[in-house]
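Please look over the sequence and the structure below before reading on. The paragraphs after them go through the model part by part.

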Amino acid sequence: MYLVINKIAELISCSNLNNPQIFKISNHEIVNKPINNPVYELFEKGLYQFDRPYFRLENNSLKYIVVPACYSGEVYFVEKGDQIILSDNFFEICASLKVVSKDIESFGFFMNKGYFPPGKTWFKEIGRLLPRNIYKIDNHNITGNYINDSENFEGLSDHEKYQIFKKRLNSAILYNSSSEQKHGVMLSGGVDSRLIALILGANNQEINTYTIKQSPISIGNLLDVKLAAQFSNDIGVTHNVPELNFKNLELNELDYIISEMPLTVHISLNFLALGSAMKNDGIVNSWCGQNLDNLYNLGPTGKLDFSIPGMTSLFRRYFLSDMYISALDKVEGGFLVNTLIQKAIGVSGAKLYSTLKRTGYKPPKDVYEFIQNFNTSYDNTIFTNLDKKSIQGDIKDSSITLQSVRNELFKQKVEGYLSSGESEVVFQTNMKNNLTTILPYSSEIMIPILRSLRTTIKDVLKPKRFMYKYTNEFSTVYGKSVMDFNLRTENELTKEHNQNYDAHYAANQILNTTVFGRQLKEINKDTIKHKSFTNVQYLRINLINYWKHKIWSTLNELNVEIRE
């Protein structure tokens, strides 16, 4: 067995690593940290907060690998004859094979989502370990099992669930806090990062807050900067605003990111700039509110207002609600009247979505298609694209209930996004700046309570209720301003930025007015913008092609043969 792990693992219950036939380890200092409880019990009871993969040895042989939900790096593996090759370096593991075969189906998913399906990579021979899974190594095979926690919150009142949520979030944050270290909080204008800063501050931790300011700028980014500054001033902490101007950047600035996260596309230079600013200020721990928006009620969690984004978020939340899911064909326990009502709403919703996307959609025919649409669509919509073949979703319960459907969707969020979305971007860019990334919302003790939260009509109308409720409790310390998510001075935003400076405007400006964008378009000169693409989608398609261009070039330099 050949193992290459760089600064991401600890060994538990291990005797020694003196047998060279078991491991060849490079560039890694191993810490022996014995834990008395069995690995399974730790996960099932949520008693230990794993923050990196753990490798368990028995009789000098690797027996188990445990990957926590909050670990956002990658560990790749290959089963090759009587060997299992493990590495956190994608190009090194490709080079060890010398010949690889394209995974066309997974690449199609990547083109749509910007990251690969759970466990998949560019090539059929190479897999990757999934978050919140325990892997067993036996007879030169590696098999994984998702951790279905045994905690049952059914029957608890809303208040009781809230108290558990609050207690566990405190524990997740305090576990990683230390009064001897400086903490940096990536602060937006929203509630997720704000609550982290409040809990750290309430526990006498020294914190600075950081918000990136991009140019070309969008109204959303400008609003984040202003709101973050307003909040930081209210609670008396230093707020830093590093600036990132794409007009001063070359496209090859992305090459480091591609080398470290070849399976996830992201215009991630903003996070690199944030990490660099933190490093210069002597920050050790970088805190980020990522993942809550994907785990709380399955997302989307945008606040309710009458803007287009606000109404779109409300629209998407409704079609992930208990009312709608319970009315799907093949879900047990639905009521006839509700089923008829929800089907009519589904038809109307699909028509509206078709108008927004300028292409045809229809409601899912049953719960299987609902799950498949959610897992594979660009924006987790549940509607069926009329131009694509229907594929049955995956749910293994013999009796399909509302809760089993929600469990399956939650599992897909954990396995498919937590190591592939923006949390991975934060992790990898912080690694470059020697910062420890802390993502408290996806810690192991938070997963069971977040999984248990239902989406009632109250949650559709008021997303992330527990987050706002807990934030409001800090009003007794800092005043009511902690709940102020609007600018208190109207002229804080200039008149020109109150026009059409949204994310799509910024994406268009990056592509058409910067050296970075012109270089990107030159590589993508044969890429045609589909009529249904937004500017953000078109920018991402261009980035995806650049990712592929750089990966193929690197593998060619390593003399790796790529087969169809």
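**A walk through the predicted model**

Leu304, Met311, Ile457 and Leu461 make up a nonpolar patch on the surface, and together they have about 330 Å² of accessible area. Patches are built from residues with over 30% relative accessible area and no salt bridge; nonpolar side chains (Val, Leu, Ile, Met, Phe, Trp, Tyr) are joined within 5 Å, and like charges within 9 Å. Accessible areas come from the Shrake-Rupley method with a 1.4 Å probe, and for residues only the protein chains shown count as cover. Leu461 belongs to helix α17 (residues 457–461). With a relative accessible area of 47%, Leu461 is partly exposed; buried means under 20%, exposed means over 50%, and partly exposed lies in between (1.4 Å probe, protein chains only). Lys462 sits in the loop between α17 and α18 (465–473) and is also partly exposed, at 49% relative accessibility. The C-alpha atoms of Lys462 and Leu304 are 6.8 Å apart, although 158 residues separate them along the chain.

This is a predicted model, in which local features need pLDDT of at least 70 and side-chain atom pairs count only at pLDDT 80 or more, while totals for chains, interfaces and linings use all residues. Residues are numbered from 1 along each chain as its sequence is written, and side-chain values use heavy atoms, with hydrogens and water left out.

The mean pLDDT of the protein is 82, and 85% of its residues reach 70 or more. Over residues 1–38 pLDDT stays under 50, and the model has 90 contacts beyond four places in sequence for them. Contact means heavy atoms within 4.5 Å. Where pLDDT is low, the predicted coordinates should not be read in detail.

Now the protein as a whole. It has 22 helices and 20 strands; helices (H or I, at least four residues) and strands (E, at least two) are DSSP runs, numbered from the N terminus. Of the 564 residues, 55% are buried. Among contacts with a separation of 6 or more, 71% are between residues 24 or more positions apart. The accessible surface comes to about 25,100 Å², and carbon and sulfur atoms account for 49% of that surface.

Helix α6 (residues 219–235) can be followed in detail. Its 17 residues reach 24 Å from the first C-alpha to the last, close to the 24 Å expected at 1.5 Å a residue; the expected span is 1.5 Å times one less than the number of residues. The buried residues of α6 include Leu222, Val225, Phe231 and Ile235. The buried residues of this helix pack against α5 (191–202), β12 (207–210), β13 (213–215), β14 and α19 (475–478). After α6 comes Gly236, whose phi is positive, near 75°.

Most residues other than glycine have a negative phi, and most peptide bonds are trans. Lys98, not a glycine, has a positive phi of about 75°. Lys98 is in the loop between α2 (90–97) and β7 (99–101) and counts as exposed, at 55% relative accessibility. Arg132 has a positive phi of about 55° and is not a glycine either. Arg132, at 0% relative accessibility, counts as buried.

Arg132 also takes part in a salt bridge, defined as a side-chain nitrogen of Lys or Arg within 4 Å of a carboxyl oxygen of Asp or Glu. Its partner is Glu444, at 2.4 Å, N to O. Glu444 lies in the loop between β19 (436–438) and α16 (447–452), and Arg132 in the loop between β8 (127–128) and β9 (133–138), so the pair ties together parts that are 312 residues apart in sequence. By this rule the count of salt bridges comes to 16. Lys411 and Glu415 form one at 3.2 Å, N to O; they are 4 residues apart in helix α14 (residues 402–417), which means about one helical turn separates them. Lys411 and Glu415 are both buried. Glu154, Asp322, Arg406 and Arg454 are linked in a network of salt bridges.

Terms used
pLDDT is the predictor's confidence in each residue, from 0 to 100.
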